[in-house]
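Hi there,

Here is the structure I promised to pass on to you. Please open it alongside this message, and I will walk you through what turned up.

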Amino acid sequence: MSDTTTAENANEPRLITETGLDRRVADIIEPVLVDLGFRLVRVRMSGQNGLTLQVMTERNDGTMTVEDCEEVSKAISPVLDVEDPIDKAYHLEVSSPGIDRPMVRRSDFIRWQGHLLKCETSVLVEGRKRFRGKIVSVDEDDFRLERDQPAYGEEAGVTIPFTALSEARLILTDELIRDALTADKKAKAARAANENFEEEDRDIE
């Protein structure tokens with residue numbers, strides 16, 4: 001796993017975005033999230049519990065707590081009420097991306113390089129649209145997978161352009177769980193240290 005900085009993550013556009021109503025909701029709430037120091041991962045309407053608006057988000061450092069979810073929910077609810085993009089009653093559900101997270105930005109691929117991924121493309125890449133393998137390298141416009149289950153006659157390595165992606169998600173493994181928990185712990189410790197420094201700085205003033 002590679003580290004990326006909070007500054008790099010703050011304004012990075014998503015490679016995979018929504019369509020239709022989901023896109024309309026995303027356009028409404030994303031500026032609110034950015035102002036709060038969060039970044040949008042995904043918006044999805046589902047028929048779960050009647051109608052559920054699922055908003056997946058995280059802080060720029062990749063962390064997300066229960067309190068963060070509550071903060072985001074309280075911030076976007078009134079905005080959605082005013083804009084009223086959904087003409088039916090719905091339940092708002094705010095969550096973190098989780099460990100086996102959707103991969104929607106180039107920095108996601110850099111950060112989780114070395115881990116297993118499954119993805120789909122909108123066009124054929126080397127005769128396929130579905131892939132599964134380890135992220136071995138990331139370039140400006142594409143990334144390279146080493147397939148763990150190549151078909152007979154296929155090369156293990158495949159290069160996939162970011163522009164071809166329609167969906168991508170990490171595969172849950174013991175190694176991923178360990179690295180994700182370690183990264184979360186480091187990020188939260190760094191944030192706490194920074195908050196303590198800012199409080200001390202204000203005390204001096």
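The C-alpha centres of domain 1 and domain 2 lie 28 Å apart. Domain 1 covers residues 20-95, and domain 2 covers 106-170. Where they meet, four residues of domain 1 are in contact with four residues of domain 2. Please keep in mind throughout that this is a predicted model.

Now for the chain as a whole. It contains five helices and eight strands, and from the N terminus on they follow the order α-α-β-β-α-β-α-β-β-β-β-β-α. The C-alpha trace spans about 65 × 50 × 30 Å along its principal axes. Of the 205 residues, 39% count as buried. Among contacts with a separation of 6 or more, 59% come from residues 24 or more positions apart.

Let me start with the sheet that holds β1. Three strands make up this open sheet, in the order β1-β2-β3, with mixed pairing. Its edge strands are β1 and β3 (91-95), each of which pairs on one side only. From one strand to the next the twist averages 20°. Strand β2 (residues 52-59) runs parallel to β3, and five bridges hold that pairing. If you want a spot to look at there, find glutamine 54, which stands opposite glutamate 93 in β3. Helix α3 (residues 66-83) lies across β1, β2 and β3 and runs at about 140° to β3.

Further along, β4 has pairings of its own. Strand β4 (residues 116-125) and strand β5 (residues 128-138) run antiparallel and are joined by six bridges. Within that pair, cysteine 119 stands opposite phenylalanine 131 in β5. The hairpin of β4 and β5 has two residues between the strands, and glutamate 126 takes a positive phi near 50° there. Strand β4 is also joined to strand β8 (residues 165-170), again antiparallel, by five bridges. In this second pairing, leucine 117 has leucine 170 in β8 as its bridge partner.

Helix α5 gives another example. Aspartate 184 and lysine 188 both lie in this helix (residues 174-204), four residues apart, or about one turn of the helix. Their side chains meet in a salt bridge at 3.0 Å, N to O. Aspartate 184 is partly exposed, with a relative accessible area of 24%, and lysine 188 is partly exposed at 32%. Elsewhere, salt bridges that share partners join Glu12, Arg39, Glu58, Arg101 and Asp108 into one network. One more pair to look up is arginine 178 with aspartate 179, whose side chains form a salt bridge at 3.6 Å, N to O. Aspartate 179 is buried, with a relative accessible area of 16%.

Arginine 42 is found in strand β1 (residues 38-46). Which side chain of opposite charge is nearest to arginine 42? That is glutamate 167, 5.4 Å away. Leaving aside neighbours within four places in sequence, arginine 42 is in contact with Arg14, Glu18, Gln54, Val55, Met56, Pro102 and Arg169.

Happy browsing, and do write back with any questions.

Best wishes

Conventions
Residues numbered from 1 in each chain as written. Predicted model: local features only at pLDDT ≥ 70, side-chain atom pairs only at ≥ 80, totals over all residues. Heavy atoms only, no water. Buried < 20%, exposed > 50% of the residue type's maximum accessible area, 1.4 Å probe, protein only. Lys, Arg positive; Asp, Glu negative; His and termini not counted. Salt bridge = Lys/Arg side-chain N within 4 Å of Asp/Glu carboxyl O. Contact = heavy atoms within 4.5 Å. Pairing = 2+ DSSP bridges. Axes fitted to C-alpha atoms, helices over the stretch in contact; angles between N-to-C directions. Domains from an automatic or database assignment.
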